[in-house]
Amino acid sequence: MAQDIKKIIAQEYIKCAKDPSYFMKKYCYIQHPTRGRILFNLYPFQSKVLHLFRDHQYLITLKSRQLGISTLAAGYSLWLMLFHKDKNVLALATTQATARNLVSKTMFMYDELPKWLKLPAVEKNKLSLRLKNGSKITAKSSNADAARSEAVSLLLIDEAAFIDNIEETFTAAQQTLATGGQCMALSTPNGIGNWFHQTWAKAETRENSFIPVKLPWTVHPERNQEWRDQQDSDLGPRMAGQECDCDFLASGDTVFEPDDMTFIEQTSLKEPMERRGVDGNFWIWEAPDYTKSYMVVADVARGDSTDYSACHIFDIANAIQVAEYKGKISPKEYGNVLVGIASEYNDALLVVENANIGWSTIEQIQEREYKNLYFSPKSHNETVESYMQKYERDKLVPGFTMSMRTRPLVIAKMMEYIRDRSVTIQSKRLLEEMRVFIWKNGKAQAQIRYNDDLVMSFATALYVRDTALRLQQQGMDLARAQLSSFANSNARNKVIMSSVANRQENPYLYKTQHGEEDISWLLK
């Protein structure tokens, strides 16, 4: 009888060692959120994923919420440790507490194993479990040194899309992974442009070693459309798209709504009719029309860093992007380029951000004596009066001043235009930046390792279009009222008119420190 029991145990042990799915279904217990302690009776889709875990070195899993994939990874880790010597499983997550949760699942399964299947533990605490055969699992929060000194057999990255510095960790671990170690990256999506999204996209096109596994909510046999509709009600459509549909665009905290960006992509994006310049980075969709007024709005970079100098040429009346530049160029040379572009587009209003390095570009524009450079009031409050101070340049500064006060207003203005779909964007480069322009710690900014030069210059163009033109119109209305009152009643006003010898001379010569200017056009 004892011999038969030993034989049965030996057979069971061999079955478990050969097939992790058999091992989990028969001997692994889990803590179900509503059913309590139950056997891990795998769904068919979980069994398929488990065998992918076993058979491939690099696996990236894009998953819906509550599919039990993290629990599955914990069970696979335990199987690897029990039936293989000296396996080192490293569980990484955004925080140590999250990583510890995965190790806790592994420990619960280990504790519930029958004695004949359980190897003695030589180390066991909240963050690690080490077995007598030398295999272990450890929980760590992700950082550049998390895997640097480890001989990792399995790098298990949970919610990889939410870890900011995962690139550094993965790079540090690659030396040991290259000798035969496995990497499994699991996550719901969290916007585009991060390491998880980039790795997933390359895996789909077979540009890296990862095998992509996509698990939307529909793979779960206990879920139906009624459940999915309820998620929209409970989470909102955008969050439900992230948590249920594996939708990268719907996920993340992007400043611009995914539906609006999809609308731009489908309705207005075009290939430029001309790519000009040595680097081909000046894209043109519409040639100058001499019946139109244009604005050129520029952001300046040093020309030798990771940022780019960027500008947009904008049809003011119709709110249409007609041309765009993005490239690396010295600030002084950029000033010459901007003067050339602005002159070509009907002496366009030239708006250049005047922060830091922007002054070098503005100085070059002024040296060229370009006549339609935008000036900002020194006051932090833009009013009709401050706009009318264009006649008193000592009260203005050249260029657009981006400050802690104006930056949120500038971004809000672009959000308004995009939401109302009242602006025409033709550049795929700009749309790509919009997709990685996110909210982080309450501030709208480019995702790590991406740029927002095109976004910020475009947002500035829309802000200037609204504020400057509105103030211009209000200023003109104010001036008309003042001048009409003067003409009708000959009353004194604040405008100092030039002295006249007789009534035949022009009474509308306005004295400024730069000379006399005829402002009778305001009454037309």
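**Does glutamate 324 count as buried or exposed?** At 0% relative accessibility, glutamate 324 counts as buried. (Buried means under 20% relative accessible area, exposed over 50% and partly exposed in between, with a 1.4 Å probe and protein chains only.) This is a predicted model: local features need pLDDT of at least 70, side-chain atom pairs count only at pLDDT 80 or more, and totals for chains, interfaces and linings use all residues. Residues are numbered from 1 along each chain as its sequence is written, and side-chain values use heavy atoms, leaving out hydrogens and water.

**View 1. A salt bridge joins glutamate 324 and arginine 429.** Their side chains meet at 2.8 Å, N to O. (A salt bridge is a side-chain nitrogen of Lys or Arg within 4 Å of a carboxyl oxygen of Asp or Glu.) Glutamate 324 lies in strand E15 (residues 320–327) and arginine 429 in helix H15 (residues 428–435), so the pair ties together parts that are 105 residues apart in sequence. (Helices, H or I with at least four residues, and strands, E with at least two, are DSSP runs numbered from the N terminus.) Arginine 429 counts as buried because its relative accessible area is 12%.

**View 2. Arginine 276 forms a salt bridge with glutamate 344.** The closest N and O atoms are 3.0 Å apart. Arginine 276 belongs to strand E11 (residues 274–276) and glutamate 344 to helix H11 (residues 331–344), so parts that are 68 residues apart in sequence are tied together. Both partners are partly exposed: arginine 276 has a relative accessible area of 30%, and glutamate 344 has 25%.

**View 3. Arginine 35 meets glutamate 222 in a salt bridge.** The N to O distance is 3.4 Å. The pair links distant parts of the chain, 187 residues apart. Arginine 35 sits in the loop between strand E1 (29–32) and strand E2 (36–39), while glutamate 222 sits in the loop between E10 and H8. Arginine 35 has 48% relative accessibility, so it counts as partly exposed. The structure holds 25 salt bridges. Elsewhere, Lys413, Glu416, Arg465 and Asp466 are linked in a network of them.

**View 4. The largest nonpolar core has 46 residues.** (A nonpolar core is a set of buried Ala, Val, Leu, Ile, Met, Phe, Trp, Tyr and Cys residues joined through side-chain atoms within 4.5 Å.) Phe23, Met24, Phe53, Leu72 and Tyr76 have the most contacts inside this core. (Contact means heavy atoms within 4.5 Å.) Helix H4 (residues 69–82) gives the largest share, 10 residues. Take leucine 72: leaving out residues up to four places away in sequence, it touches Met24, Phe40, Leu42, Gln46, Val49, Leu50 and Phe53. Apart from this core lies another, of 36 residues, among them Val255, Met261, Leu462 and Val464. In soluble globular proteins, nonpolar side chains tend to be buried together.

**View 5. Tryptophan 195 and phenylalanine 210 form an edge-to-face aromatic pair.** Their centres are 6.2 Å apart, with 85° between the planes. (Rings of Phe, Tyr and Trp, the last by its six-membered ring, pair if their centres lie within 6.5 Å; planes under 30 degrees apart count as stacked, over 60 as edge-to-face and the rest as tilted.) Tryptophan 195 is in helix H7 (residues 195–204), and phenylalanine 210 is in the loop between H7 and strand E10 (211–215), 15 residues apart. Tryptophan 195 counts as buried at 9% relative accessibility, and phenylalanine 210 is buried at 6%.

**View 6. Tryptophan 217 and tryptophan 227 form a tilted pair.** The distance is 6.0 Å centre to centre, and the angle between the planes is 35°. Tryptophan 217 lies in the loop between E10 and H8, and tryptophan 227 in helix H8, 10 residues apart. Tryptophan 217 is buried, at 9% relative accessibility. The whole structure has 20 aromatic pairs. Ring pairs also link Tyr13, Phe23, Phe53, Tyr76, Trp79 and Phe83 into a cluster.

**View 7. Helix H9 (residues 237–245) packs its buried residues against helix H8 (225–235).** Those buried residues are Ala240, Gly241, Gln242, Glu243 and Cys244. Just after H9, cysteine 246 takes a positive phi of about 60°.
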